[in-house]
Amino acid sequence: PQLVADLSVGENIKLGAIAGKGARRHRGDLDQRVAAVASELGMGGREVDTPVAELSLGLRRIVEIGRAIIAAPDVICLDEPAAGLAESDLVTLARTLRHVASRGCAVLLIEHNLSFVQSVADEIIVLEEGEVTTRRELAVVGGHRTFAEAPDHPPVAAQPSAEGAAP
């Protein structure tokens with residue numbers, strides 16, 4: 001979601017609650033929910049009152065995620081969230097996405113930074129020209145996260161059919 005630069009962290013997160021599940025039912029405790037989400041994302045205390053224009057790009061991405069998760073979605077879709085972020089911001093973003101997933105919210109991540117993807121994903125699906133070419137699941141080998149063949153989803157490769165083969 002597009003953040004409003006002149007609004008604070010808390011006010012931007014609050015905007016995400018307007019159309020969320022049970023928005024009317026939870027209006028009375030909205031400020032508490034905003035504070036809880038901000039705290040979960042490591043932005044509690046005084047940071048809630050900070051205008052987002054004063055935040056680093058990485059922290060703005062965290063506020064965008066907060067704005068999404070306050071609505072209690074089943075899935076969030078992020079398009080290139082790691083683009084342009086410093087390494088320290090990538091670490092924070094990865095930790096945040098793992099936390100969001102641990103809450104039971106699926107995270108659909110569209111990203112070109114494969115080392116970042118490997119640090120957060122449980123499964124990877126590679127598309128080339130709109131076609132699935134690879135599907136892999138996370139495996140921990142020697143203490144390192146790596147992707148192995150998904151047992152029930154082997155890599156997809158274009159195979160010429162026998163009928164279409166040249167004589």
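What share of the 167 residues in the chain is buried? Buried residues come to 34%, where buried means under 20% relative accessible area, exposed over 50%, and partly exposed in between (1.4 Å probe, protein chains only).

Before clicking around, two notes. This is a predicted model, in which local features need pLDDT of at least 70, side-chain atom pairs count only at pLDDT 80 or more, and totals for chains, interfaces and linings use all residues. Residues are numbered from 1 along each chain as its sequence is written, and side-chain values use heavy atoms, with hydrogens and water left out.

**Whole chain.** Switch to a cartoon view and you'll find five helices and five strands. Those are DSSP runs numbered from the N terminus: helices are H or I with at least four residues, strands are E with at least two. Starting at the N terminus, the order is α-α-α-β-α-β-α-β-β-β.

**First stop: H1.** Select residues 9-17, helix H1, and color Val 9, Gly 10, Asn 12, Ile 13, Gly 16 and Ala 17, which are buried. They sit on the same side of H1, because they cover an arc of only 165° around the axis; the arc is that of the directions from the helix axis to the C-beta atoms. What covers them? Among the elements over the buried residues of H1 are helix H2 (30-40) and helix H3 (57-69).

**Next: H3 with H4.** Show side chains for the contact (heavy atoms within 4.5 Å): H3 brings Gly 58, Ile 62, Ile 65 and Ile 69, while H4 brings residues including Leu 93, Leu 97 and Val 100.

**Last stop: two loops.** Most residues other than glycine have a negative phi. Zoom in on Ala 72, in the loop between H3 and strand S1 (75-79): its phi is positive, near 55°. At 39% relative accessibility, Ala 72 is partly exposed. Then jump to Glu 129, between strand S3 (123-128) and strand S4 (131-141). Glu 129 also has a positive phi, of about 50°, and is exposed, with a relative accessible area of 85%.
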